[in-house]
Amino acid sequence: MNVRSMTVDDIASAMRLAAVVHLPEWSAQNYVNEIANPAAYFLVAEGAREPERADTARESVVIGMAGAHIVADEIEVLIIAVHPDHQHTGMGTRLLSQLLSEAAARGARNAWLDVRERNEPASRLYLRHGFQIVHRRKRYYKDGEDALIMSLTLA
Ligand SMILES: CC(C)(COP(=O)(O)OP(=O)(O)OC[C@H]1O[C@@H](n2cnc3c(N)ncnc32)[C@H](O)[C@@H]1OP(=O)(O)O)[C@@H](O)C(=O)NCCC(=O)NCCS
C-alpha cells in the first residue's frame, strides 16, 4: 500500500471515494484549498484500477484518504475513508497513525475530532488509538444525529 500526500491530480479520485463512503460532499475547490493550506495534512492510499482497454496502462486510484489540520499544539482530524473493498485490512489504522505521528513531529500535543454517534467503525478505530469521548454535541449534524467529540493526548 502506497501512502503519500494528496495532490491536485488525486482530487477526482478522492471525490469518487468520498461519494462511495457517503462523506459530506466537498467540492473540488475545497480539496484544492486544503492541498494549498500549510496547516493541512492530507494523505491518500493509492491502489491500481484495471484498464477498460487492454492496450492502456493501469490507472492509479485513491482507495483510502485521511486529512487533518495541524495548528500550534493541536491536530483536528477532519476525514478518514477507506474504499469498502479495502476495509478491514488495516488501512484506516495506518492512515490515522500517520496523521497522528506527523502531528507529533510538528509539535502537536493534543488530537481531537468529531464523529457521528452511530458511526461504529469509525468510533472503534478512534477508540483503538486511545481517543476518549469527552463531549456530546446534541443534534450536531443536519439530520439530527449527535456528534461525539473525542480527544487524545499525544505522547
Ligand atoms: C472508519 C474506516 C475509515 C475504517 O477503515 P478500515 O480500513 O476498515 O480500518 P481498519 O482495517 O484499520 O480497522 C477496521 C477493523 O478491521 C480490523 N482489521 C484490521 N486489519 C485486519 C486484517 N488484516 N484482517 C481482519 N481484520 C482486520 C480491525 O481490527 C478493525 O476491527 P474493529 O472495527 O472490530 O475494531 C472505514 O470504515 C470507512 O471508510 N468508513 C466510512 C467513512 C467514514 O465514516 N469515516 C469517518 C468519518 S470522516
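Guide: Along the sequence the chain reads β-α-α-β-β-β-α-β-α-β-β, which comes to four helices and seven strands. Helices here are DSSP runs of H or I with at least four residues, strands are runs of E with at least two, and both are numbered from the N terminus. Two housekeeping points before going on. Residue numbers start from 1 along each chain as its sequence is written. The model is predicted, so local features need pLDDT of at least 70 and side-chain atom pairs count only at pLDDT 80 or more, while totals for chains, interfaces and linings use all residues.

The seven strands make an open sheet with mixed pairing, in the order 1-2-3-4-5-7-6; two strands count as paired if DSSP finds at least two bridges between them. Strand 1 (2–5) and strand 6 (132–137) are the edges, each with a single partner strand, so one side of each has no neighbour in the sheet. From one strand to the next, the twist averages 25°. Axes are lines fitted to C-alpha atoms, for helices over the stretch in contact, and angles between N-to-C directions run from 0 to 180 degrees. As background, strands of a sheet pair through backbone hydrogen bonds, either parallel or antiparallel.

Strand 1 pairs with strand 2 in the antiparallel sense over four bridges, and Val3 has Ala45 in strand 2 as its bridge partner. Strand 2 (residues 40–49) then runs antiparallel to strand 3 (residues 59–71), with 10 bridges joining the two. Carry on to the loop between strand 3 and strand 4 and you'll find Ala72. The phi of Ala72 is near 50°, a positive value in a residue other than glycine. For context, most residues other than glycine have a negative phi. Ala72 is also exposed, with 11 other C-beta atoms within 10 Å. On that scale, a residue is buried if 20 or more other C-beta atoms lie within 10 Å of its own, exposed if 12 or fewer and partly exposed in between, with C-beta atoms placed from the backbone.

Next stop, strand 5 (110–116). Leu113 lies in this strand and is buried, with 22 other C-beta atoms within 10 Å. Leaving out residues up to four places away in sequence, Leu113 touches Glu76, Val77, Tyr126 and Met150; contact means that the C-beta atoms, placed from the backbone, lie within 7 Å. Leu113 and Leu152 are 39 residues apart in sequence, yet their C-alpha atoms are 9.2 Å apart in space. Helix 4 lies across strand 5 and strand 7 (147–153), running at about 160° to strand 5.

Helix 4 (120–128) also shows up around the ligand, where helix 4, strand 4 (74–82) and helix 3 (91–105) each supply at least two residues of the shell. Helix 4 gives the largest share, five residues. In total 19 residues surround the ligand, and the closest are Val82, Gln87, Gly92, Thr93 and Pro121; a residue qualifies as near if its C-beta atom, placed from the backbone, lies within 6 Å. By type, the shell divides into 10 nonpolar, seven polar and two charged residues. Nonpolar means Ala, Val, Leu, Ile, Met, Phe, Trp, Tyr, Cys and Pro, charged means Asp, Glu, Lys and Arg, and the others, Gly among them, are polar.

Strand 6 and strand 7 run antiparallel, joined by five bridges, and Arg136 has Leu148 in strand 7 as its bridge partner. Of the six residues of strand 6, the number buried is zero, so this strand lies largely in the open. The loop between strand 6 and strand 7 holds Arg139, whose phi is near 50°, a positive value in a residue other than glycine. Arg139 counts as exposed, with 10 C-beta neighbours inside 10 Å.

Zooming out to the chain, 27% of the 155 residues count as buried. Among contacts between residues at least 6 apart in sequence, 58% join residues at least 24 apart. The C-alpha trace spans about 55 × 35 × 30 Å along its principal axes.

How values were computed:
Two residues are in contact if their C-beta atoms, placed from the backbone, lie within 7 Å.
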